[in-house]
Amino acid sequence: MPSSQHLNSLDQITASLAALDTEIGRVKLSGQVTQVSAEAIRVSGLSRVVCLGDLIQFEGRSGVRQGEIIRLEQKDVVVKPLERVSDIGIGSVASLMGGLAIHPDLSWRGRIINALGEPIDGQGQLRHGVEAFLLDRAPPPAMNREKVTEGVRTGVRVIDLFTPLCVGQRIGVFAGSGVGKSTLLGMLAGFGEFDTVVVGLVGERGREVREFIDDILGETIANSVVVASTGDESAMQRRLAPKTAMSVAEYFRAQGHKVLLILDSATRFAHAARDVALAAGEPPVARGYPPSVFADLARLIERAGPGASGEGSITGIFSVLVDGDDHNDPVSDAIRGLLDGHIVLDRKTAESGRYPPVEILKSTSRLASRAWTEDQQELIHRIKGLISHYEDTKDLRMMGGFQITGDEHLEKACRLVPRIYEAMRQGAKQPVPGDPFAELAQALAADA
């Protein structure tokens with residue numbers, strides 16, 4: 001048996017090792033800035049101990065700055081600053097801070113934060129939760145997720161009828177600029193069937209952020225968390241803002257909440273990811289977009305949806321700003337394939353004064369059959385057939401030719417479709433409707 005003296009020696013060694021571990025944990029690994037450009041900063045001395053996505057802290061002349069590692073090389077690393085800086089010089093100290101993470105809490109509802117999880121609403125500091133949520137979390141394993149089975153009412157008549165949503169679904173709102181996208185998103189956020197609403201505003205004008213919160217969200221802000229990154233902020237912050245919003249939504253999903261996540265817009269996220277990828281040296285492959293942009297989009301969108309057993313769900317609505325009204329540009333085409341449906345807003349419909357300007361025939365929900373009954377599904381298919389026949393014969397109708405064709409189906413379409421269009425009108429401030437099918441039937445009967 002070991003003597004008491006040996007035991008005391010072992011205890012002293014163990015205590016010394018524990019103290020050494022604690023002291024090492026307090027030490028910050030540091031390197032030096034070797035090159036500074038308008039796009040990125042090179043740091044030497046950290047290549048062997050860091051990973052992509054780690055946070056680096058710089059000591060600038062005007063204070064502490066932060067950046068994210070976007071490329072690793074043999075002798076140095078490439079860091080993209082989180083903000084535009086001009087006070088970091090050669091030889092500045094660069095310290096490793098670890099992965100980017102936030103600590104969400106239930107008290108965050110009603111607050112407005114930036115891409116780094118810091119409050120920007122002037123209401124004091126945020127209370128930090130116990131668990132850290134990395135901004136670049138992996139999506140939940142496919143086989144651990146609950147199935148999407150429950151329909152949800154949005155309160156927007158044209159969507160509830162023709163592109164119904166389900167809890168945990170991910171759908172896109174595709175629109176050009178100035179078509180009414182933000183107004184529609186505000187209408188979707190204002191309905192009360194969700195426990196928590198998380199809104200990510202990416203690359204918006206500073207004026208529009210305040211207007212969206214005050215005029216469009218209104219009283220809904222009480223159970224909402226808004227993550228805002230304006231267009232004047234760096235590409236890094238515009239790239240991080242959707243990830244921050246998603247991490248906040250994942251926290252509330254883990255608490256069992258039924259979460260509505262609205263991201264406006266996924267296109268501006270792709271633009272910011274493109275700027276970062278080009279700064280990291282990636283080659284552009286599709287209209288200037290490097291390959292990692294499409295991988296980032298897939299990874300972000302896959303994080304939404306139903307959670308594991310016992311958790312809540314994230315119903316994701318991703319707006320897509322269609323460049324030049326081209327619905328087949330690389331970003332729009334990639335996102336359309338990742339989502340569970342798409343709602344297309346039409347400029348001509350908006351110009352005609354019919355809001356929300358949803359193009360019924362071009363919009364679809366891949367999970368609509370789980371929200372409709374069999375009778376409702378049959379009715380919608382018949383109505384879409386009438387609308388298709390009505391739109392296909394537009395030139396004939398303009399010439400008055402339908403009056404001599406003897407086509408009873410066309411005559412029925414000409415009689416009913418304008419009434420259906422009129423019934424789909426809905427202002428942003430109108431009361432939330434009841435059963436949309438009953439209201440449509442009542443509108444058609446009243447005009448019969």
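What you are looking at is a predicted model, in which local features need pLDDT of at least 70 and side-chain atom pairs count only at pLDDT 80 or more, while totals for chains, interfaces and linings use all residues. Residues are numbered from 1 along each chain as its sequence is written, and side-chain values use heavy atoms, with hydrogens and water left out.

Let us start with the whole chain. Its C-alpha atoms fill a box of roughly 105 × 55 × 40 Å along the principal axes. The chain holds 13 helices and 19 strands; these are DSSP runs numbered from the N terminus, with helices being H or I of at least four residues and strands E of at least two. Of the 448 residues, 48% count as buried, where buried means under 20% relative accessible area, exposed over 50%, and partly exposed in between, with a 1.4 Å probe and protein chains only. Among contacts between residues at least 6 apart in sequence, 72% join residues at least 24 apart, a contact being heavy atoms within 4.5 Å.

Next come the charged pairs. A salt bridge here is a side-chain nitrogen of Lys or Arg within 4 Å of a carboxyl oxygen of Asp or Glu, and the count by this rule is 26. One of them joins Lys80 and Glu39, at 3.0 Å from N to O. Lys80 sits in strand β5 (residues 76-81) and Glu39 in the loop between β1 (30-36) and β2 (41-44), so this pair links distant parts of the chain, 41 residues apart. Lys80 is buried, at 8% relative accessible area, whereas Glu39 is partly exposed at 44%.

Arg42 is partly exposed, with a relative accessible area of 21%, and Asp76 is buried, at 14%. Both belong to a network of salt bridges that links Arg42, Arg71, Glu73 and Asp76.

Now for the domains. An automatic or database domain assignment gives the bounds: domain 1 covers 28-99, domain 2 covers 106-370 and domain 3 covers 374-446. The centres of domain 2 and domain 3, taken over C-alpha atoms, are 31 Å apart.

Where these two domains meet, 21 residues of domain 2 are in contact with 24 residues of domain 3. The size of an interface is often given as the accessible area lost when the parts come together. Between domain 2 and domain 3 the buried area is about 2,000 Å², with 62% of it from carbon and sulfur atoms; this is the accessible area (1.4 Å probe) that the two parts lose on being put together, summed over both.

The rule finds one salt bridge across this interface. On the side of domain 2 that touches domain 3, the elements giving two or more residues are α2 (157-162) and α3 (181-189). The largest share of that side, five residues, comes from α2.
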